[in-house]
Amino acid sequence: MKKVLAFDIGGTKIAYAIIDENGNFVNDVVKVTTPKTAEGIYDFFKTVVKGLEAEVDGVSIATAGAVNNENTKIISHVGNLPEGYNQLDFMALTDKPVLLENDANSAAWAEYKSGAAKGSKHAVVLTLGTGVGSGIIVDGKLLKGKSGAAGEMHVRFDDRHNRKCTCGLWDCLETYVSGTALTADAKLYMGQDMTSYDVIRGLKNGDEKAKEAFDHWQSHLENTLVLMGNIFDPEIIVLSGSMAQFVEYDKLNRQANDDILTQPFTLKQAKFENNAGMLGAALLLFDRLK
Ligand SMILES: [Zn+2]
């Protein structure tokens, strides 16, 4: 049975594991803190690949940033990773096939192939973490666009110049729908610095201000669902990432579908949590290896 060495690179952690053709993790996922320099990241990759490449048929890498249509390089700036990271030559790590894909696209592919969106042909997977990402499946294919960057969720959402996004825009969608957005809403409604988890704890304890902050955050998520529902007409929208666990699914499903122009979609929570990116990029590589 074929196997792939699968990585997921984020701004804070790099995770890796060996995954087989059936999507099973052959060993426990190893997690390390992301090195502070691009050279440090590359050296880390070289060491792991050298140690494990004899056991696998290829290497897959789910990464922050947009990836070209050939799945060979990063074509955007990646704000939360060190300078020079987006120039690294991942293809030179080994003579075996290497596949690079954006982490939100990879997570979407995992949910589509064997997770919450399995059985659909048209799906949107929104990843709600520190930032917001999306992967869009159209007629069974991952939507990549002309350059590979389709699905970037950056658009001006408001015009009050309140929140600056990592992409450079003021009042960008990400600054209203991400985990960072909920902490900004907490500051607005509760007047103090809190984590997302603090807000959710307050909500569960019946704190009115926490409820206002959460409702404000969730109303922007609802707008985002209506946007994606109207543009892509999906059968299903899946919410992934650390914020997905907090969402009121029944309520949001009902409200968003009341507002869309097209036929209703189903709203679901992702099946795969932190390992979705690793799994999805590995499954994309297995398709290439066939
Ligand atoms: Zn933005």
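**Tour: the sheet, its helices and the zinc site**

Start with the open sheet of five strands, ordered β8-β7-β6-β9-β10 with mixed pairing. Its edge strands are β8 (141-142) and β10 (266-269), each pairing on one side only. Keep in mind that this is a predicted model.

Next, select helix α2, residues 103-114. The helix packs on the sheet and touches β6 (123-128), β7 (132-138), β8 and β9. Look along β7: the direction of α2 makes about 45° with that of β7.

Now select β9, residues 236-240. Which way does β9 pair with β10? The two pair in the parallel sense, over four bridges. Show side chains here and find Ile-237, which stands opposite Leu-267 in β10.

Move to the zinc ion. Which atoms coordinate the zinc ion? Select His-154 (ND1), Cys-165 (SG), Cys-167 (SG) and Cys-172 (SG), at 2.0 to 2.3 Å. The site is tetrahedral, with angles of 101 to 120° among the four donor atoms. Along the chain, the donors follow the spacing H-x10-C-x1-C-x4-C.

Buried means under 20% relative accessible area. Cys-172 has 0% relative accessibility, so Cys-172 counts as buried. Cys-165 is buried too, because its relative accessibility is 6%. Cys-167, at 39%, counts as partly exposed.

How many does a search of the whole structure find?

Conventions. Residues are numbered from 1 along each chain as its sequence is written. This is a predicted model: local features need pLDDT of at least 70, side-chain atom pairs count only at pLDDT 80 or more; totals for chains, interfaces and linings use all residues. Side-chain values use heavy atoms; hydrogens and water are left out. Donors are N, O and S atoms within 2.8 Å of the metal (3.2 Å for Na, K and Ca); water is not among the atoms, so sites may look incomplete. Four donors count as tetrahedral if all angles lie between 85 and 135 degrees; four count as square planar and six as octahedral if opposite donors are over 155 degrees apart and all others between 65 and 115; anything else is irregular. Buried means under 20% relative accessible area, exposed over 50%, partly exposed in between (1.4 Å probe, protein chains only). Two strands pair if DSSP finds at least two bridges between them. Contact means heavy atoms within 4.5 Å. Axes are lines fitted to C-alpha atoms, for helices over the stretch in contact, and angles run from 0 to 180 degrees between N-to-C directions.
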